[in-house]
Amino acid sequence: MAKVIVRLNRSGVRELLKSSELQSRCIMHAQRIQRIAGEHYTTESRTYPERNGASVYPADDAGYYDNLNNNTLVKAMGEIGGSK
């Protein structure tokens, strides 16, 4: 069996992580998680120097305690994890 060497094109990876296509995909997944988690959660688009992304977090105290007691966000991520 031959040894395979993989070398990443660093500038290409950097460009991909900062792309608007990847940003829109992250937002789409965050919105799906938020819909599953419920009305006490919200989404936010994130922009970092090295990449873009999105986050889902509790919007109020009810969401905070719901997530604390039930791991709602982890369960919501699990529900979309298997679907493609």
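Buried means under 20% relative accessible area, exposed means over 50%, and partly exposed lies in between, with a 1.4 Å probe and protein chains only. By that scale Val13, at 33% relative accessibility, counts as partly exposed. The structure is a predicted model, in which local features need pLDDT of at least 70 and side-chain atom pairs count only at pLDDT 80 or more, while totals for chains, interfaces and linings use all residues. Residues are numbered from 1 along each chain as its sequence is written, and side-chain values use heavy atoms, with hydrogens and water left out.

**Confidence**

- The predictor's confidence in each residue is called pLDDT and runs from 0 to 100; its mean over the chain is 92, and 96% of the residues reach 70 or more.
- Helices (H or I, at least four residues) and strands (E, at least two) are DSSP runs, numbered from the N terminus.
- Confidence is highest in helix 3 (residues 61-70), at a mean of 96, and lowest in helix 4 (residues 72-81), at 90.
- Where pLDDT is low, the predicted coordinates should not be read in detail.

- Val13 belongs to helix 1 (residues 10-17).
- Together with Val4, Val6, Leu8 and Leu17, Val13 forms a nonpolar patch on the surface, with about 490 Å² of accessible area in total.
- A patch is made of residues with over 30% relative accessible area and no salt bridge; like charges are joined within 9 Å, and nonpolar side chains (Val, Leu, Ile, Met, Phe, Trp, Tyr) within 5 Å.
- Accessible areas come from the Shrake-Rupley method with a 1.4 Å probe, and for residues only the protein chains shown count as cover.
- Ser19 sits in the loop between helix 1 and helix 2 (20-37), and Ser19 counts as buried because its relative accessibility is 13%.
- The side chain of Ser19 makes polar contacts in two places: with the backbone oxygen of Leu16 at 2.8 Å, and with the backbone nitrogen of Leu22 at 3.2 Å.
- A polar contact is a pair of N or O atoms within 3.5 Å; within protein, one must be able to donate a hydrogen and the other to accept it, and residues adjacent in sequence count only if both atoms are side-chain atoms.

**Salt bridges and the strand loop**

- A salt bridge is a side-chain nitrogen of Lys or Arg within 4 Å of a carboxyl oxygen of Asp or Glu, and a search of the whole structure finds two.
- One joins the side chains of Glu44 and Arg46, at 2.6 Å from N to O; Glu44 is partly exposed at 33% relative accessible area, and Arg46 is also partly exposed, at 28%.
- Glu50 forms a salt bridge with Arg51, where the closest N and O atoms are 2.5 Å apart; Glu50 is partly exposed at 43%, and Arg51 is partly exposed at 36%.
- Pro49 is located in the loop between strand 1 (41-47) and strand 2 (52-58), and Pro49 counts as exposed because its relative accessibility is 76%.
- Pro49 and Val4 are 45 residues apart along the chain, and their C-alpha atoms are separated by 32 Å.

**Helix 3 and its two ends**

- Asp66 is part of helix 3 and counts as partly exposed, at 25% relative accessibility.
- The side chains of Asp66 and Asn70 are joined by a polar contact of 2.8 Å.
- Contact means heavy atoms within 4.5 Å; leaving aside neighbours within four places in sequence, Asp66 is in contact with Tyr41, Asn71 and Thr72.
- Asp66 and His40 lie 26 residues apart in sequence, and 8.6 Å apart in space from C-alpha to C-alpha.
- Asn71 follows helix 3, lies in the loop between helix 3 and helix 4, and is partly exposed at 45% relative accessible area.
- Most residues other than glycine have a negative phi. The phi of Asn71, however, is positive, near 50 degrees.
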